[in-house]
Amino acid sequence: MRKNIVAGNWKMNTTLQDGQALISEIVNMVQDEVTGSNVEVVVCPPFPFLSTISKHLPEGGLIHLGAQNCHQKDSGAYTGEVSARMLQSVGVEYVILGHSERRQYFREDDELLSQKLKAALAAGLKPIFCVGESLETREADETFNFISKQLKDGLFHLSNEEFDQVVIAYEPIWAIGTGKTATSAQAQEVHAFIREQIARAYDAEAALNTTILYGGSANAQNARELFSQPDVDGGLIGGASLKSRDFTDIIKSF
């Protein structure tokens, strides 16, 4: 049975002190209000805070640690970069790869992302692999072709065993940071399409077991409706993950 996951992507936000206060609030709220839930909670702080934030997480796997990116090489003369092995050594379990902001601002393409996937998996990390279309692509009625290509070029080169470790996040770029959100029907339509593509590339069991998250401005008000869709297994949450009350309410939407 596939997991329900709510992952908070802090992006380039907070100071260490603010991050510590935020995670303390989240931990307390989740312990008080969400214990026993069928949802896995992940927080993805900026790189400099990972080791410190990990020390604030309770034992027992109530909240898991994620990173926002990794380099495709294990080590070497790559000043300013962070490897998957480094992340694993400080307690990171998940890593976001292919976020639309990485694709747009840092020109990350599917060839590079396929290398990052391999590096993350080799280090024992669970990738959260992002796909999604721009407003221009959606208005041209090319959403399915575009996402199919992202999946094929960036992800479907993995073996069955490797693919079993991957979480997919659908993030309509036109709904990130704009205040717009895909309707629950729009989200479900694309999530169902992604699951169909997985079944074609692998098999029906892989499609059934793959967790697919929605990542486009989900918030405490719309999360319950989004998560009620049969192929939406949770969310990759941006701005709302920086507010402990909102983030906890999203988790409770299950």
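## Basis of the description

Residues are numbered from 1 along each chain as its sequence is written, and side-chain values use heavy atoms, with hydrogens and water left out. Because the model is predicted, local features need pLDDT of at least 70 and side-chain atom pairs count only at pLDDT 80 or more, while totals for chains, interfaces and linings use all residues.

## The nonpolar cores

A nonpolar core is here a set of buried Ala, Val, Leu, Ile, Met, Phe, Trp, Tyr and Cys residues joined through side-chain atoms within 4.5 Å; buried means under 20% relative accessible area, exposed over 50%, and partly exposed in between, with a 1.4 Å probe and protein chains only. The largest nonpolar core has 65 residues, of which Leu87, Leu155, Ile168, Ile194, Ile198 and Tyr214 touch the most other members. A second, separate core of twelve residues includes Ala7, Cys44, Ile128 and Val167. In soluble globular proteins, nonpolar side chains tend to be buried together.

Leaving aside residues up to four places away in sequence, Leu87 is in contact (heavy atoms within 4.5 Å) with Phe47, Leu50, Ala67, Asn69, Cys70, Val82, Val92, Val95 and Leu125. Val131, found in strand E5, is buried with a relative accessible area of 1%, and with the same exclusion its contacts include Ile147, Gln150, Ile168 and Ile194. The C-alpha atoms of Val131 and Gln150 are separated by 6.5 Å, although the two residues are 19 residues apart along the chain.

## The cysteines

When a disulfide is taken as a pair of cysteine sulfur atoms within 2.5 Å, the count comes to zero disulfides. For Cys44, the nearest cysteine sulfur is that of Cys130, 9.6 Å away, and Cys44 counts as buried at 0% relative accessibility. For Cys70, the nearest cysteine sulfur is that of Cys44, 12 Å away, and Cys70 counts as buried at 1% relative accessibility.

## Annotated binding positions

An unreviewed UniProt entry places the feature "binding site" at Asn9, Trp10, Lys11, Gly177, Ser217, Gly238 and Gly239; such annotations may be inferred rather than shown by experiment.

Two of these positions can be described more fully. Trp10 lies in the loop between strand E1 (4–9) and helix H1 (16–33), where helices (H or I, at least four residues) and strands (E, at least two) are DSSP runs numbered from the N terminus. Trp10 counts as buried at 0% relative accessibility, and, not counting residues up to four places away in sequence, Trp10 touches residues including Leu22, Cys44, Pro45, Gln68 and Leu242. Gly239, in the loop between strand E8 (234–237) and helix H12 (244–251), counts as exposed at 52% relative accessibility.

## Two helices

Helix H5 (residues 110–122) has 13 residues and reaches 18 Å from its first C-alpha to its last, close to the 18 Å expected at 1.5 Å a residue, the expected span being 1.5 Å times one less than the number of residues. Among the buried residues of H5 are Leu113, Leu117 and Ala120, and the elements covering its buried residues include helix H3 (84–89), strand E4 (94–97) and helix H7 (143–154). H5 is followed by Gly124, whose phi is positive, near 85 degrees.

Helix H9 (residues 184–201) has 18 residues and reaches 26 Å, close to the 26 Å expected. Its buried residues include Ala187, Val190, His191, Ile194 and Ile198. An α-helix has 3.6 residues a turn, so residues three or four places apart point the same way.
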